[in-house]
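I opened the notebook to record how the strands connect and pair, and then the overall figures.

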Amino acid sequence: MRNLILILFLLPLQALSAGRVGDVPADSLGDQRHDELDEVVVAGVAGPAHLREVAAPINYVSAEALRVHQSLNIVDAISRQPGMSQVTTGSGIAKPVIRGLGYNRVLVVSDGIRQEGQQWGDEHGLEVDGQAVHSVEILKGPASLMYGSDALAGVVVLGDAPVLPEGKIGGEFGTGYQSNNGLVDYTLNLAGHQKDFVWSGRWSQRWAHDFKTPLDGYVSGSGFREKALNAMMGLNKRWGTSRLKFSYFHLTPGMTEVEDDYAEGSRSYDILAPFQQVHHYKAVLTNTFPIGDGLLKTIVGYQQNRRQEFEEAEECELDFRLQSLHYDLRYVLPEYGGWRTNVGIAGMFQRSDNLGEEVLIPAYGLFDVGGFVTVCKAFREQLHFSGGLRYDHRGLKSKSPLPAPPLGESPSAEGMSLVEPSPQGGRWWGALSGSVGLIYNFKKGVSLKVNAARGFRAPNMSELGSNGIHEGTFRYELGNSQLKAENSWQIDLGADYTSRLVTAQVALFANRIGNYIFLQRQLTAIAGTPAYQFTQGKARLLGGEARVVVHPIRQLHIENTFSYVNSQQLNAPADARYLPMTPAPRWLATLHGELPLRSKILHHLCAEVETDVNFRQNHVLLANDTETPTPAYTLLNLMVGADIRRPDGHRLCNVTLSARNVLDKAYQSHLSRLKYADTLPLTGREGFCDMGRNIALRVMFYLE
């Protein structure tokens, strides 16, 4: 056993000195402590349920896991989880990817409603204060049953902190610093529960200058500023509960562009042009009413996302305003014969306007509605069944004809398949989706899972009608007004094993997507910028994740996680065989130790060593040089942390010191968009590397 433990952790360390790890494709994994499983109650499914009762693959990220691991934002924080990765633009913008699928195929749920922040854009991050997120649930696979269109890959549910006990007032104050990009942040939270009234408020701010890589120096335009406000008030009464939440998020990210006069960035916190201004407002009212032995839940939410791009300090070129009104009504029926049933209706209205001088996508209106029913039942505590059906209807209407390429610059060269502009009007899609799953719990800690799901996704306005240079993405984008809705069938197989010494999970999946929409580079340029156009094909994704945690003693955990995804376009030529933006293979090996102390001041002292092995990614979309292979790399990460308590035993604060990319390795993530920046005048190389060594210190004070 001792030799096995050493092999499990030390083998990835050999890759630190290797220039190449291998050619085995895979994607990303993360960590969970072995004691977080089974009894955790998740809400990202039809209703509250224990993890052991859910057939669909779900990862749960606890507040502790979010706190101890260094991250740049909430997407970065969950990218270590099995099947998760991220598309990044520098250090300030990240988009979640689940099993090789991202963008509008991953739905983010915050405050109980879908987060709508114009997520079609590569450089459009997630407008959520990561300090306000208490826990995260990641539902992998088609989740159209509960959430409708745009949940084809899965759902990321951001959880709020629980309400304080009756009569309590408390809070926290945290601050941190990261050495590479000089990131400074703080957050202040106060909350209370007096009689039937509950409330909370949080204010957070962050500043970061340009980040530094071992080969490129400071990357110009990669700094950002961020501030966020979150507030909640509510009532707990005999008739039910009511919560009113409001949030405001303001992000000012720089935009990295490579021009002939490009100069290295700096450690200045000033955000110079070009840059963006992103404002996101959200208000959500949630009510729950017990009706007999059942429960009625209603949600109404409003969001406004304002995104502006400035080429000069005072000159706003692009100005998008998206307004969304959400509604959700669901009823949990009284349990009958062991069957638990939920019925509901949900949807949204949207309006998008162009307020700037330039237009990248047409203004539009959207209408969406869907009805669903889910059921589940346990048979003799060993067999769990769950399933459901949903029907959705979505309409999308452009407020102007979908534009044609600019006159005199028509890119009708060989290899182009431009679609004629469509007249002003609407497109409508309807789809039936659903899922069915089984779990069988054997004795001796073994369980088997199988789940089959069908999902769909309607094309968005960017895919249908974009026509212009998308600043910050290094390309001219062309829509395709004839795109059809995507539809998928996915099967998941899983096995779990738990004993005193070992916890292990294996999850395999097969996903087939019809009318898969992707962006492919064309054989010409428009206005001196490479042209890309949306097209469709048949896609097949195969892969899986494996996780093994060995805990020979209570204070020691040795964890290995590995995942793999192979994304192919069927019936395509050899150079277009693989789908773009497929995560590279990833193997995480973690040694986590908790040191027993008898100190009255220091508690929960822990240390962690992690090797992050990313294999070479050769499975890329080669057609028209859309993508290039990415070499393998391995990162070494370290962490140490502890709680500090007052003499009376109350927790005073938590201190965490961590280091990422300790060896300052020069590398490029396959999903980094800066990998495809133009050739740098300073180095003669194409694209930027990812962040070099980054040391972070974080202190969280608790107000109890």
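I looked up the link between strand 28 and strand 29 and found a hairpin that joins the two through three residues. Helices (H or I, at least four residues) and strands (E, at least two) are taken here as DSSP runs, numbered from the N terminus. The model is a predicted one, in which local features need pLDDT of at least 70, side-chain atom pairs count only at pLDDT 80 or more, and totals for chains, interfaces and linings use all residues. Residues are numbered from 1 along each chain as its sequence is written, and side-chain values use heavy atoms, with hydrogens and water left out.

I then followed the pairing, which requires that DSSP find at least two bridges between two strands. Strand 28 and strand 29 (residues 502-526) run antiparallel and are joined by 12 bridges; Thr 498 stands opposite Thr 503 in strand 29. Strand 28 (residues 486-498) also pairs with strand 25 (residues 446-457), antiparallel over 12 bridges, and there Gly 455 has Ser 488 as its bridge partner.

I next traced an open sheet of five strands, which has mixed pairing and the order 3-9-10-7-8. Its edge strands, each pairing on one side only, are strand 3 (58-61) and strand 8 (113-114). Strand 7 (residues 106-110) runs parallel to strand 10 (residues 154-159), with five bridges between them; Val 106 has Gly 154 as its bridge partner.

Finally, I noted the totals. The protein has five helices and 36 strands. Of its 704 residues, 57% count as buried, that is, under 20% relative accessible area with a 1.4 Å probe, protein chains only.

Technical notes. Buried < 20%, exposed > 50% of the residue type's maximum accessible area, 1.4 Å probe, protein only.
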